[in-house]
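Thanks for coming, everyone. Please have a look at the sequence and the structure on the screen.

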Amino acid sequence: MEMTLRWYGSQYDTVTLEQIRQIPGVKGVITTLYYKQPGELWTREEIRALKDEVAAAGMHIAGIESVNVSDAIKTGSEGRDHDIENYIKTLENLGKEDIHLVCYNFMPVFDWTRTELARKREDGSTVLAYTQAAVDSLNPEKMFDSIAGDMNGTVMPGWEPERMARVKELFETYKDIDNEKLFENLVYFLKAIMPVCNEYDIKMAIHPDDPAWSVFGLPRIIINKENILRLMNAVDDVHNGVTFCSGSYGTNLNNNLPEMIRSLKGRIHFAHVRNLKFNSPDDFEEAAHLSSDGTFDMYEIIKALYDIGFDGPIRPDHGRMIWGEVAMPGYGLYDRALGAAYINGLWEAVEKASERGI
Ligand code: DNO
(Lines give C-alpha, C1' and ligand atoms only; values in the text may rest on other atoms or scores of the structure.)
Protein backbone atom coordinates (compact mmCIF):
# COMPACT_ATOMS: atom_id res chain seq x y z
CA MET A 1 0.00 0.00 0.00
CA GLU A 2 0.97 3.59 -0.35
CA MET A 3 0.01 6.02 2.42
CA THR A 4 -1.52 9.23 1.04
CA LEU A 5 -3.52 12.24 2.15
CA ARG A 6 -6.39 13.98 0.41
CA TRP A 7 -5.65 17.55 -0.66
CA TYR A 8 -8.17 19.88 -2.28
CA GLY A 9 -5.74 22.24 -4.00
CA SER A 10 -4.08 25.41 -2.79
CA GLN A 11 -7.08 27.67 -3.41
CA TYR A 12 -9.40 25.49 -1.33
CA ASP A 13 -7.48 23.63 1.32
CA THR A 14 -6.36 24.96 4.70
CA VAL A 15 -3.68 22.26 4.72
CA THR A 16 -0.56 22.82 2.64
CA LEU A 17 1.49 20.38 0.60
CA GLU A 18 4.48 21.27 2.75
CA GLN A 19 2.61 20.13 5.86
CA ILE A 20 1.44 16.93 4.18
CA ARG A 21 4.97 16.11 3.17
CA GLN A 22 6.05 16.03 6.80
CA ILE A 23 3.61 13.29 7.77
CA PRO A 24 5.75 10.16 8.06
CA GLY A 25 5.43 7.94 5.02
CA VAL A 26 3.29 10.27 2.92
CA LYS A 27 4.68 11.05 -0.50
CA GLY A 28 1.49 10.92 -2.50
CA VAL A 29 -1.61 13.09 -2.50
CA ILE A 30 -5.09 12.34 -3.63
CA THR A 31 -6.38 15.44 -5.28
CA THR A 32 -8.67 16.94 -7.89
CA LEU A 33 -9.43 20.02 -9.94
CA TYR A 34 -11.92 21.13 -7.34
CA TYR A 35 -13.41 23.91 -9.44
CA LYS A 36 -14.52 21.56 -12.23
CA GLN A 37 -18.21 20.90 -12.65
CA PRO A 38 -19.46 17.36 -13.27
CA GLY A 39 -19.52 16.77 -17.02
CA GLU A 40 -16.79 19.30 -17.73
CA LEU A 41 -13.64 18.36 -19.64
CA TRP A 42 -10.29 18.47 -17.84
CA THR A 43 -7.54 19.64 -20.17
CA ARG A 44 -4.04 18.25 -20.21
CA GLU A 45 -2.64 21.68 -19.35
CA GLU A 46 -4.81 21.95 -16.24
CA ILE A 47 -3.84 18.47 -15.12
CA ARG A 48 -0.17 19.14 -15.76
CA ALA A 49 -0.27 22.39 -13.76
CA LEU A 50 -1.70 20.49 -10.78
CA LYS A 51 0.87 17.76 -11.18
CA ASP A 52 3.72 20.27 -11.35
CA GLU A 53 2.50 22.02 -8.22
CA VAL A 54 2.47 18.74 -6.30
CA ALA A 55 5.87 17.75 -7.70
CA ALA A 56 7.36 21.12 -6.70
CA ALA A 57 6.50 20.20 -3.09
CA GLY A 58 8.39 16.91 -3.46
CA MET A 59 5.35 14.67 -3.87
CA HIS A 60 3.28 13.04 -6.57
CA ILE A 61 -0.38 12.59 -7.40
CA ALA A 62 -1.35 9.08 -6.34
CA GLY A 63 -4.89 9.39 -7.63
CA ILE A 64 -7.81 11.67 -8.38
CA GLU A 65 -10.74 12.01 -5.99
CA SER A 66 -13.00 12.75 -7.72
CA VAL A 67 -13.77 13.15 -11.38
CA ASN A 68 -17.43 13.72 -10.64
CA VAL A 69 -20.11 12.08 -12.74
CA SER A 70 -22.85 14.39 -14.02
CA ASP A 71 -26.53 14.04 -13.15
CA ALA A 72 -27.26 13.49 -16.87
CA ILE A 73 -25.08 10.36 -16.73
CA LYS A 74 -26.58 9.20 -13.44
CA THR A 75 -30.15 9.71 -14.61
CA GLY A 76 -29.50 8.64 -18.22
CA SER A 77 -31.11 11.82 -19.48
CA GLU A 78 -30.38 14.19 -22.31
CA GLY A 79 -26.74 15.15 -22.49
CA ARG A 80 -25.52 11.84 -21.10
CA ASP A 81 -23.47 10.85 -24.14
CA HIS A 82 -21.97 14.31 -24.40
CA ASP A 83 -20.88 14.14 -20.76
CA ILE A 84 -19.52 10.62 -21.22
CA GLU A 85 -17.47 11.88 -24.17
CA ASN A 86 -15.99 14.55 -21.90
CA TYR A 87 -15.34 11.97 -19.20
CA ILE A 88 -13.50 9.78 -21.70
CA LYS A 89 -11.35 12.69 -22.89
CA THR A 90 -10.63 13.62 -19.29
CA LEU A 91 -9.48 10.05 -18.57
CA GLU A 92 -7.34 10.11 -21.68
CA ASN A 93 -5.72 13.37 -20.53
CA LEU A 94 -5.14 11.94 -17.06
CA GLY A 95 -3.61 8.82 -18.58
CA LYS A 96 -1.29 10.88 -20.76
CA GLU A 97 -0.16 12.68 -17.61
CA ASP A 98 0.57 9.31 -16.02
CA ILE A 99 -2.30 9.33 -13.52
CA HIS A 100 -3.90 5.92 -13.21
CA LEU A 101 -6.47 6.01 -10.41
CA VAL A 102 -9.84 7.77 -10.40
CA CYS A 103 -12.31 7.71 -7.51
CA TYR A 104 -15.91 8.65 -8.26
CA ASN A 105 -19.36 8.04 -6.85
CA PHE A 106 -22.81 7.36 -8.23
CA MET A 107 -24.91 8.90 -5.47
CA PRO A 108 -27.96 10.92 -6.43
CA VAL A 109 -28.34 14.55 -5.31
CA PHE A 110 -26.19 14.45 -2.20
CA ASP A 111 -22.72 13.02 -1.99
CA TRP A 112 -22.20 11.66 1.56
CA THR A 113 -24.69 12.87 4.17
CA ARG A 114 -24.09 13.91 7.78
CA THR A 115 -26.52 15.68 10.05
CA GLU A 116 -23.90 17.36 12.26
CA LEU A 117 -20.49 18.66 11.29
CA ALA A 118 -19.27 19.57 14.75
CA ARG A 119 -20.62 17.25 17.42
CA LYS A 120 -18.67 17.84 20.59
CA ARG A 121 -17.10 14.81 22.21
CA GLU A 122 -16.02 14.27 25.78
CA ASP A 123 -12.42 15.22 25.07
CA GLY A 124 -13.46 18.55 23.54
CA SER A 125 -12.82 17.49 19.93
CA THR A 126 -15.61 17.91 17.39
CA VAL A 127 -16.64 15.35 14.82
CA LEU A 128 -19.04 14.70 11.97
CA ALA A 129 -22.10 12.74 13.06
CA TYR A 130 -25.32 11.27 11.75
CA THR A 131 -28.67 10.56 13.31
CA GLN A 132 -31.53 9.08 11.37
CA ALA A 133 -33.99 11.05 13.51
CA ALA A 134 -32.49 14.31 12.26
CA VAL A 135 -32.79 13.21 8.62
CA ASP A 136 -36.35 12.04 9.15
CA SER A 137 -37.39 15.37 10.56
CA LEU A 138 -35.70 17.45 7.86
CA ASN A 139 -36.96 18.79 4.58
CA PRO A 140 -34.18 17.76 2.14
CA GLU A 141 -34.15 21.23 0.63
CA LYS A 142 -33.11 22.54 4.04
CA MET A 143 -30.34 19.99 4.48
CA PHE A 144 -27.61 22.32 3.27
CA ASP A 145 -28.81 25.28 5.36
CA SER A 146 -28.94 23.12 8.44
CA ILE A 147 -25.21 22.34 8.30
CA ALA A 148 -23.76 25.25 6.27
CA GLY A 149 -22.96 27.25 9.40
CA ASP A 150 -20.46 24.60 10.53
CA MET A 151 -18.42 24.37 7.34
CA ASN A 152 -15.76 26.78 8.65
CA GLY A 153 -15.92 28.85 5.48
CA THR A 154 -14.89 25.91 3.29
CA VAL A 155 -16.64 24.29 0.34
CA MET A 156 -17.35 20.67 1.18
CA PRO A 157 -17.23 18.04 -1.58
CA GLY A 158 -20.68 17.29 -2.92
CA TRP A 159 -22.12 20.20 -0.94
CA GLU A 160 -21.14 23.03 -3.25
CA PRO A 161 -23.51 26.02 -2.73
CA GLU A 162 -24.34 26.19 -6.49
CA ARG A 163 -25.38 22.56 -6.39
CA MET A 164 -27.36 22.95 -3.18
CA ALA A 165 -29.22 25.92 -4.63
CA ARG A 166 -30.66 23.46 -7.18
CA VAL A 167 -31.64 20.74 -4.72
CA LYS A 168 -35.35 20.95 -5.48
CA GLU A 169 -34.72 20.66 -9.21
CA LEU A 170 -32.29 17.78 -8.60
CA PHE A 171 -34.89 15.84 -6.65
CA GLU A 172 -37.26 16.35 -9.55
CA THR A 173 -34.65 14.94 -11.97
CA TYR A 174 -34.35 11.74 -9.94
CA LYS A 175 -38.04 11.19 -9.36
CA ASP A 176 -38.36 8.35 -11.89
CA ILE A 177 -35.03 6.75 -11.09
CA ASP A 178 -35.14 3.67 -8.93
CA ASN A 179 -32.29 1.39 -7.88
CA GLU A 180 -32.46 -0.74 -11.04
CA LYS A 181 -32.46 2.25 -13.37
CA LEU A 182 -29.57 3.85 -11.53
CA PHE A 183 -27.62 0.59 -11.68
CA GLU A 184 -28.28 0.29 -15.42
CA ASN A 185 -27.03 3.83 -15.95
CA LEU A 186 -23.90 3.06 -13.98
CA VAL A 187 -23.21 -0.03 -16.08
CA TYR A 188 -23.82 1.95 -19.28
CA PHE A 189 -21.31 4.56 -18.11
CA LEU A 190 -18.69 1.98 -17.13
CA LYS A 191 -18.98 0.05 -20.37
CA ALA A 192 -18.50 3.28 -22.30
CA ILE A 193 -15.33 4.24 -20.44
CA MET A 194 -13.66 0.81 -20.15
CA PRO A 195 -11.85 1.07 -23.52
CA VAL A 196 -10.05 4.27 -22.53
CA CYS A 197 -9.34 2.86 -19.07
CA ASN A 198 -7.77 -0.18 -20.69
CA GLU A 199 -5.74 1.88 -23.12
CA TYR A 200 -4.25 4.09 -20.39
CA ASP A 201 -4.47 1.62 -17.51
CA ILE A 202 -6.78 3.80 -15.47
CA LYS A 203 -8.32 2.12 -12.49
CA MET A 204 -11.81 3.39 -11.73
CA ALA A 205 -12.67 3.06 -8.06
CA ILE A 206 -16.29 3.60 -7.09
CA HIS A 207 -16.91 5.14 -3.71
CA PRO A 208 -19.77 3.58 -1.75
CA ASP A 209 -22.94 5.43 -0.91
CA ASP A 210 -22.78 7.05 2.48
CA PRO A 211 -24.73 6.31 4.60
CA ALA A 212 -25.33 2.85 3.22
CA TRP A 213 -29.10 3.15 2.95
CA SER A 214 -31.56 5.37 1.18
CA VAL A 215 -31.85 8.94 2.45
CA PHE A 216 -34.85 11.09 1.56
CA GLY A 217 -36.22 8.21 -0.54
CA LEU A 218 -33.38 8.48 -3.10
CA PRO A 219 -32.02 5.31 -4.72
CA ARG A 220 -28.83 3.75 -3.32
CA ILE A 221 -26.94 1.03 -5.12
CA ILE A 222 -23.45 0.67 -3.67
CA ILE A 223 -24.10 -0.18 -0.06
CA ASN A 224 -23.19 -3.81 0.63
CA LYS A 225 -21.21 -6.87 -0.46
CA GLU A 226 -23.97 -8.17 -2.67
CA ASN A 227 -24.41 -5.07 -4.78
CA ILE A 228 -20.73 -4.16 -5.08
CA LEU A 229 -20.02 -7.72 -6.28
CA ARG A 230 -22.93 -7.43 -8.69
CA LEU A 231 -21.30 -4.34 -10.15
CA MET A 232 -17.90 -6.06 -10.37
CA ASN A 233 -19.51 -8.91 -12.32
CA ALA A 234 -21.64 -6.67 -14.55
CA VAL A 235 -18.47 -5.08 -15.93
CA ASP A 236 -15.87 -7.73 -15.30
CA ASP A 237 -12.74 -5.75 -15.98
CA VAL A 238 -10.00 -5.00 -13.44
CA HIS A 239 -10.34 -1.31 -14.35
CA ASN A 240 -13.84 -1.39 -12.91
CA GLY A 241 -12.86 -1.38 -9.27
CA VAL A 242 -13.59 -0.17 -5.81
CA THR A 243 -12.72 2.48 -3.28
CA PHE A 244 -13.08 0.51 -0.09
CA CYS A 245 -14.30 3.08 2.41
CA SER A 246 -14.62 1.54 5.87
CA GLY A 247 -16.51 4.54 7.21
CA SER A 248 -19.16 4.37 4.47
CA TYR A 249 -19.78 0.62 4.19
CA GLY A 250 -19.41 0.56 7.97
CA THR A 251 -22.46 2.79 8.50
CA ASN A 252 -24.46 -0.41 8.13
CA LEU A 253 -23.49 -2.66 11.01
CA ASN A 254 -24.59 -5.70 8.99
CA ASN A 255 -21.65 -5.18 6.65
CA ASN A 256 -18.77 -7.34 7.78
CA LEU A 257 -15.91 -5.13 6.63
CA PRO A 258 -12.96 -7.58 6.67
CA GLU A 259 -15.08 -10.17 4.92
CA MET A 260 -16.15 -7.68 2.26
CA ILE A 261 -12.53 -6.72 1.67
CA ARG A 262 -11.58 -10.37 1.17
CA SER A 263 -14.43 -10.88 -1.29
CA LEU A 264 -13.14 -7.98 -3.41
CA LYS A 265 -9.61 -9.29 -3.85
CA GLY A 266 -7.99 -7.81 -6.95
CA ARG A 267 -10.66 -5.13 -7.36
CA ILE A 268 -9.89 -2.73 -4.49
CA HIS A 269 -7.76 0.02 -5.97
CA PHE A 270 -8.04 2.61 -3.24
CA ALA A 271 -8.83 2.50 0.47
CA HIS A 272 -10.34 5.09 2.81
CA VAL A 273 -9.78 3.95 6.35
CA ARG A 274 -11.58 5.39 9.34
CA ASN A 275 -13.52 4.32 12.39
CA LEU A 276 -17.06 5.09 13.51
CA LYS A 277 -18.51 5.03 16.97
CA PHE A 278 -22.11 3.88 17.13
CA ASN A 279 -24.25 5.17 19.96
CA SER A 280 -27.14 3.19 18.47
CA PRO A 281 -27.57 1.70 14.97
CA ASP A 282 -29.16 5.03 13.95
CA ASP A 283 -26.68 7.35 15.55
CA PHE A 284 -22.99 7.31 14.82
CA GLU A 285 -20.11 9.71 15.03
CA GLU A 286 -16.74 9.76 13.30
CA ALA A 287 -14.39 8.73 16.09
CA ALA A 288 -10.60 8.81 16.08
CA HIS A 289 -9.06 6.11 13.87
CA LEU A 290 -7.98 4.02 16.89
CA SER A 291 -9.98 0.79 17.31
CA SER A 292 -10.70 1.42 20.98
CA ASP A 293 -12.22 4.83 20.25
CA GLY A 294 -14.92 3.42 17.98
CA THR A 295 -16.83 0.34 16.91
CA PHE A 296 -14.59 -1.22 14.23
CA ASP A 297 -11.61 -3.49 14.67
CA MET A 298 -9.12 -1.50 12.62
CA TYR A 299 -6.49 -4.22 12.92
CA GLU A 300 -8.79 -6.68 11.15
CA ILE A 301 -9.53 -4.16 8.39
CA ILE A 302 -5.84 -3.54 7.73
CA LYS A 303 -5.06 -7.25 7.98
CA ALA A 304 -7.71 -8.08 5.40
CA LEU A 305 -6.27 -5.44 3.03
CA TYR A 306 -2.80 -6.85 3.60
CA ASP A 307 -3.93 -10.44 3.09
CA ILE A 308 -5.54 -9.75 -0.29
CA GLY A 309 -2.30 -8.14 -1.47
CA PHE A 310 -3.74 -4.63 -1.62
CA ASP A 311 -1.07 -2.39 -3.15
CA GLY A 312 -2.94 0.81 -3.98
CA PRO A 313 -3.13 4.14 -2.20
CA ILE A 314 -4.70 4.23 1.21
CA ARG A 315 -5.71 7.35 3.06
CA PRO A 316 -6.84 8.18 6.54
CA ASP A 317 -10.34 9.52 6.22
CA HIS A 318 -12.30 12.15 8.06
CA GLY A 319 -10.49 13.24 11.16
CA ARG A 320 -11.77 14.91 14.29
CA MET A 321 -11.21 18.64 14.71
CA ILE A 322 -8.60 18.92 17.43
CA TRP A 323 -6.02 21.31 18.88
CA GLY A 324 -8.01 24.38 17.84
CA GLU A 325 -7.65 23.75 14.13
CA VAL A 326 -10.13 25.50 11.83
CA ALA A 327 -10.51 23.54 8.59
CA MET A 328 -13.01 21.79 6.38
CA PRO A 329 -14.92 19.47 8.72
CA GLY A 330 -13.28 16.04 8.55
CA TYR A 331 -10.33 17.35 6.57
CA GLY A 332 -8.07 19.08 9.03
CA LEU A 333 -4.39 18.23 9.21
CA TYR A 334 -3.88 17.06 12.76
CA ASP A 335 -6.21 14.16 13.26
CA ARG A 336 -5.71 12.84 9.75
CA ALA A 337 -1.95 12.89 10.37
CA LEU A 338 -2.56 10.89 13.56
CA GLY A 339 -4.72 8.53 11.51
CA ALA A 340 -1.96 8.06 8.92
CA ALA A 341 0.59 7.31 11.63
CA TYR A 342 -1.74 4.77 13.24
CA ILE A 343 -2.55 3.01 9.97
CA ASN A 344 1.14 2.91 9.12
CA GLY A 345 1.78 1.30 12.49
CA LEU A 346 -0.91 -1.30 12.01
CA TRP A 347 0.36 -2.09 8.52
CA GLU A 348 3.95 -2.51 9.68
CA ALA A 349 2.85 -4.83 12.48
CA VAL A 350 0.67 -6.94 10.18
CA GLU A 351 3.40 -7.11 7.54
CA LYS A 352 6.17 -8.09 9.94
CA ALA A 353 4.02 -10.64 11.73
CA SER A 354 3.20 -12.20 8.41
CA GLU A 355 6.80 -12.21 7.19
CA ARG A 356 7.89 -13.84 10.43
CA GLY A 357 5.12 -16.38 10.25
CA ILE A 358 3.58 -15.23 13.54
C1 DNO B 1 -16.28 12.47 1.71
C2 DNO B 1 -15.71 11.73 0.58
C3 DNO B 1 -16.64 11.70 -0.61
C4 DNO B 1 -15.94 11.05 -1.78
C5 DNO B 1 -16.79 10.98 -3.02
C6 DNO B 1 -16.09 10.23 -4.11
O7 DNO B 1 -15.55 12.95 2.52
O8 DNO B 1 -15.28 10.48 0.94
O9 DNO B 1 -16.99 13.02 -0.93
O10 DNO B 1 -14.81 11.78 -2.09
O11 DNO B 1 -18.00 10.37 -2.75
O12 DNO B 1 -16.56 10.64 -5.34
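Let's start with Ala 72. Beyond its neighbours within four places in sequence, Ala 72 is in contact with Gly 39, Ser 77, Glu 78, Gly 79, Arg 80 and Asp 83. Contact means that the two C-beta atoms, placed from the backbone, lie within 7 Å. A word on the source: this is a predicted model, where local features need pLDDT of at least 70, side-chain atom pairs count only at pLDDT 80 or more, and totals for chains, interfaces and linings use all residues. Numbering starts from 1 along each chain as its sequence is written.

Back to Ala 72. It sits in helix α3, residues 71–75. Helices are DSSP runs of H or I with at least four residues, strands are runs of E with at least two, and both are numbered from the N terminus. Ala 72 and Asp 83 are eleven residues apart in sequence, and their C-alpha atoms are 7.5 Å apart.

Now the sheet. Four strands form an open sheet, ordered β5-β6-β11-β10, with antiparallel pairing. Strands pair if DSSP finds at least two bridges between them. β5 (116–120) and β10 (277–280) are at the edges with a single partner strand each, so one side of each has no neighbour in the sheet. Three bridges join β10 to β11, residues 283–285. Across that pair, Phe 278 stands opposite Phe 284 in β11.
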